[in-house]
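Here is a short briefing on a protein model and its two ligands. Look at the sequence and structure, then read on.

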Amino acid sequence: MSNKFVITWDNMQMYTRQLAEKLLPAEQWTGIIAVSRGGLVPAAILARELGIRHVDTVCIASYDHDHQRDMKVIKQADGDGEGFIVVDDLVDTGGTAEKIREMYPRAKFVTVCAKPAGQHLVDDFVVSIPQDTWIEQPWDMAVTFVDPIAKK
Ligand SMILES: O=P(O)(O)OC[C@H]1O[C@H](OP(=O)(O)OP(=O)(O)O)[C@H](O)[C@@H]1O
Ligand SMILES: Nc1nc2[nH]cnc2c(=O)[nH]1
Ligand SMILES: [Mg+2]
């Protein structure tokens with residue numbers, strides 16, 4: 001992918017707080033289900049902002065097999081999603097979101113970022129990212145030394 005959209009920890013907190021605003025009033029929710037692993041950090045921020053202490057996970061591992069995405073559900077949260085926010089960090093092709101919708105048809109499914117191919121599968125999101133752009137998440141990066149522009 002040619003373009004990159006870098007998200008810092010501060011940005012992640014700011015975007016997820018914007019997502020929390022869209023989920024008011026908080027009293028309507030029984031709990032949050034994080035789509036692990038990408039949804040874990042957004043779920044922690046939403047739980048803090050909305051005062052929700054019931055936090056569960058759905059754990060999905062995906063593998064690429066000859067251009068086909070194979071998804072394995074390792075662990076899931078009970079129920080059909082009624083009263084729950086299901087949160088992931090992003091929707092790209094929509095493959096994961098389709099699986100989540102199938103598992104939790106009554107949940108409110110939200111993401112922080114969304115690319116056009118998967119946008120129609122989420123109930124709400126904050127940042128719109130072009131399809132040809134790779135999102136770099138803060139947990140995948142490190143602050144590192146770079147050479148000065150003018151090397152002496
Ligand atoms: O819309 P899609 O094309 O399905 O892509 C979106 C999914 O990809 C990433 O997870 P990934 O499967 O890389 O695993 P991780 O969350 O455990 O890092 C991201 O966290 C979403 O869950
Ligand atoms: N970090 C990251 N993971 C992804 N999984 C699917 N698309 C993306 C993306 O743009 N960035
Ligand atoms: Mg994920």
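A residue counts as near a molecule if one of its heavy atoms lies within 4 Å of it. The model is predicted. Both ligand sites are described below.

**Ligand 1: the shell**
- There are 13 residues around ligand 1, and R37, D88, D89, T93 and T96 come nearest.
- By class, the shell holds five charged, six polar and two nonpolar residues.
- β5 (84-91) and α3 (95-103) each supply at least two residues of this shell.
- β5 gives the most, with four residues.

**Ligand 1: contacts and cover**
- The side chain of R37 has an N or O atom 2.8 Å from an oxygen atom of ligand 1.
- D88 places a polar side-chain atom 2.6 Å from an oxygen atom of ligand 1.
- T96 also has a polar side-chain atom 2.6 Å from an oxygen atom of ligand 1.
- Ligand 1 exposes 500 Å² when taken alone, and the protein buries 78% of that.
- The space that ligand 1 takes is the largest pocket.

**Ligand 2: the shell**
- L90, D92, K115, W134, I135 and Q137 surround ligand 2.
- Three of these residues are nonpolar, two are charged and one is polar.

**Ligand 2: contacts and cover**
- A nitrogen atom of ligand 2 lies 2.6 Å from a polar side-chain atom of D92.
- K115 has a side-chain N or O atom 2.8 Å from an oxygen atom of ligand 2.
- I135 uses its backbone: an N or O atom there lies 2.7 Å from a nitrogen atom of ligand 2.
- On its own, ligand 2 has 280 Å² of accessible area, and the protein covers 77% of it.
- The space taken by ligand 2 is the largest pocket.

Terms used. Residues numbered from 1 in each chain as written. Chains lettered and ligands numbered in written order. Predicted model: local features only at pLDDT ≥ 70, side-chain atom pairs only at ≥ 80, totals over all residues. Heavy atoms only, no water. Polar contact = N/O pair within 3.5 Å; in protein donor to acceptor, adjacent residues only side chain to side chain. Areas by Shrake-Rupley, 256 points an atom, 1.4 Å probe, with all protein chains shown as cover. 1 Å grid on protein atoms, 1.4 Å probe; cavity = no way out; pocket = protein on both sides within 12 Å on 5 of 7 lines; lining within 4 Å. Sits in = over half its atoms within 2 Å of the grid points. Nonpolar A, V, L, I, M, F, W, Y, C, P; charged D, E, K, R; others polar.
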